[in-house]
Amino acid sequence: MYPYFHPSNDNSIFRFPPLGLGYIAAALKKRGFEVELVDCTFLQQKQAIWKITHSDAQVVGFYSMFSMKKTTLQLAQAIRESRGGDCLLVVGGPLPSWAPESFLCVFDVVAVGEGEETMVELVDCVARDAEFSGVRGIVFRDGKRILSTGERGFVEDLDNLAFPARELFDNQAYKRYYQRSFGYTTTSMMTSRGCPFSCDFCSRPIFGTKMRNRSPNKIADEVEHIKALGYERVWFADDCFTVNRSHLLDVCREIYQRHLDVEWECLSRVDTMDEEVARKMMRAGCIRVFFGIESGNDSVLSVMNKKITVSQATRGVLAAKAAGLQAGAFFIVGYPGETDKTVLDTVRFASSLPLDYLSFTLPYPIPGTPLYERVKNKGVAIDDWEEPKNYRLIRHKLLCQTGFSETKLKFAIAKAHTQFRCRRYLGNGGYGVFGAPFEVFTDWLFQRMP
């Protein structure tokens with residue numbers, strides 16, 4: 001079960017089926033088990049609970065993460081009360097992998113790390129009515145004791161994994177959402193696992209730090225499979241699609257030579273983007289690349305451990321644009337240790353870049369990150385946090401003390417978007433007339449806000 005319920009007012013461009021559950025479902029089907037995937041994205045909570053309580057599933061597995069914990073536990077409790085002990089409740093994902101004990105109040109088993117092999121072995125034990133204490137990579141309660149069976153290693157050869165069981169996704173609902181909201185259809189896939197970088201705010205409890213790449217041929221095969229399902233675009237959901245230059249160019253060459261004629265988008269670091277890479281990506285069908293820049297101040301980038309500079313960010317964005325790609329960027333404002341000056345540096349820098357998409361967020365201290373460890377004793381309020389579902393203009397919540405009020409940081413975000421749109425639609429000349437006075441006045445106002 002994927003316990004995310006799509007708010008009616010949400011129009012995110014990143015709304016995809018649960019790939020992780022798709023991979024686990026495919027592994028189970030390959031071993032002959034019957035599988036149903038309940039994706040709550042386009043369901044009501046009562047519908048989701050009904051689907052599970054009226055099934056005869058012996059094992060009910062959940063994916064969960066930072067923003068889904070509250071909903072995950074509520075749904076699991078409802079299923080437990082309805083079905084009693086006639087099914088094994090299992091949970092996995094980033095947050096359960098980091099803090100498994102916090103889920104054992106409701107769940108029977110927590111699957112830690114990559115789940116394909118773990119779930120196949122666990123379900124096989126249930127089917128044979130055998131003990132599952134020998135299954136590596138799980139945590140479970142035995143009476144009053146909490147037992148761990150030890151870590152399971154990573155899947156080294158990703159080509160051995162079956163493609164996600166996309167036939168179990170509600171493809172038509174996702175297509176309708178994207179077609180209605182953006183005029184195209186898209187879905188996600190992954191070409192690698194792992195990230196060798198250690199950003200201060202990023203948690204990697206599932207895929208780890210070691211990069212493992214799928215072969216270009218397998219990647220192109222899956223792109224072809226997605227196209228056959230009627231999708232027009234692909235979102236490569238890798239932590240950093242461009243980090244291995246030679247592999248990236250091989251993937252682009254394979255897609256181009258096979259004439260797949262599918263548009264695609266990806267995440268990139270700014271220091272791995274140059275005009276040659278951007279041109280070959282575009283030739284292979286890439287239309288937009290997103291950069292996690294995060295700050296417009298070098299000292300803050302150092303605190304974030306981003307291992308990039310503002311000048312590299314500028315060069316990366318300009319290289320993508322010079323090749324004809326659209327460029328998007330993500331920024332964080334109000335990071336612990338920031339000052340009024342550094343926040344305004346970020347607002348000024350972000351709104352000056354020639355971007356086609358701009359996103360801001362507040363710092364989220366996700367458990368398992370260095371950021372969380374630094375602020376966990378300073379008023380962190382994350383236990384019951386979930387993604388806002390109301391009609392707030394800026395749907396973020398400040399969860400830790402950073403020296404700024406939530407109102408002040410949301411003002412900075414609104415200011416940045418206004419400056420960005422003013423420059424984008426009025427040009428530099430129009431910005432000088434209208435945007436520059438607005439920037440000066442709102443800089444002054446921001447610095448006087450409590």
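**Exercise 1. Two rings in helix 6**

Task: Determine where Tyr-178 and Phe-182 lie in this predicted model, and state how their rings are arranged.

Solution. 
Step 1. Locate the residues. Helix 6 (residues 171-182) contains both Tyr-178 and Phe-182. They are four residues apart, about one turn of the helix.

Step 2. Describe the rings. A pair of aromatic rings is described by the distance of the centres and the angle of the planes. The structure holds 30 aromatic pairs. For Tyr-178 and Phe-182 the values are 5.8 Å centre to centre and 45 degrees between the planes.

Step 3. Phe-182, with a relative accessible area of 26%, is partly exposed.

**Exercise 2. A pair between two strands**

Task: Classify the aromatic pair of Phe-236 and Trp-264, and state which elements it links.

Solution. 
Step 1. Classify the pair. The ring centres of Phe-236 and Trp-264 are 5.2 Å apart, with 70 degrees between the planes, and the pair is edge-to-face.

Step 2. Locate the partners. Phe-236 belongs to strand 9 (residues 233-236) and Trp-264 to strand 10 (residues 263-268). The two residues are 28 residues apart, and the pair links distant parts of the chain.

Step 3. Phe-236 and Trp-264 are both buried.

**Exercise 3. The surroundings of strand 12**

Task: Determine which strands pair with strand 12, and whether strand 12 is largely enclosed or open.

Solution. 
Step 1. Consider strand 11 (residues 286-294). Strand 11 pairs with strand 12 in the parallel sense, over six bridges. Within this pairing, Glu-294 stands opposite Phe-331 of strand 12.

Step 2. Consider strand 13 (residues 357-361). Strand 13 runs parallel to strand 12, and five bridges join them. Here Ala-329 stands opposite Leu-358 of strand 13.

Step 3. Examine burial. Strand 12 (residues 326-332) is largely enclosed by the rest of the structure, because five of its seven residues are buried.

Step 4. Strand 12, helix 12 and strand 13 together make a right-handed β-α-β unit.

**Exercise 4. Thr-346 in helix 12**

Task: Describe the position of Thr-346 and identify its contacts.

Solution. 
Step 1. Locate the residue. Thr-346 is part of helix 12 (residues 340-352).

Step 2. List its partners. Apart from neighbours within four places in sequence, Thr-346 is in contact with Glu-294, Ser-295, Gly-296, Asn-297, Phe-331, Ile-332, Val-333 and Phe-360.

Step 3. Identify the polar contact. The side chains of Thr-346 and Ser-295 are joined by a polar contact of 3.3 Å.

**Exercise 5. A further unit and a charged end**

Task: Describe how strand 1 and strand 2 are joined, and state which ring lies under the charged end of Lys-69.

Solution. 
Step 1. Examine the strands. Strand 1 (residues 59-63) and strand 2 (residues 88-92) run parallel and are joined by five bridges. Gly-61 stands opposite Val-90 of strand 2.

Step 2. With helix 3 (residues 69-83), strand 1 and strand 2 make a right-handed β-α-β unit.

Step 3. Find the ring. The charged end of Lys-69 sits over the ring of Phe-103, 5.7 Å from its centre.

Definitions and conventions: Residues numbered from 1 in each chain as written. Predicted model: local features only at pLDDT ≥ 70, side-chain atom pairs only at ≥ 80, totals over all residues. Heavy atoms only, no water. Polar contact = N/O pair within 3.5 Å; in protein donor to acceptor, adjacent residues only side chain to side chain. Contact = heavy atoms within 4.5 Å. Phe/Tyr/Trp six-rings, centres within 6.5 Å; stacked < 30°, edge-to-face > 60°. Buried < 20%, exposed > 50% of the residue type's maximum accessible area, 1.4 Å probe, protein only. Lys NZ or Arg CZ within 6 Å of the ring centre and 35° of its normal. Pairing = 2+ DSSP bridges. Right-handed = clockwise from strand over helix to strand, strands pointing away.
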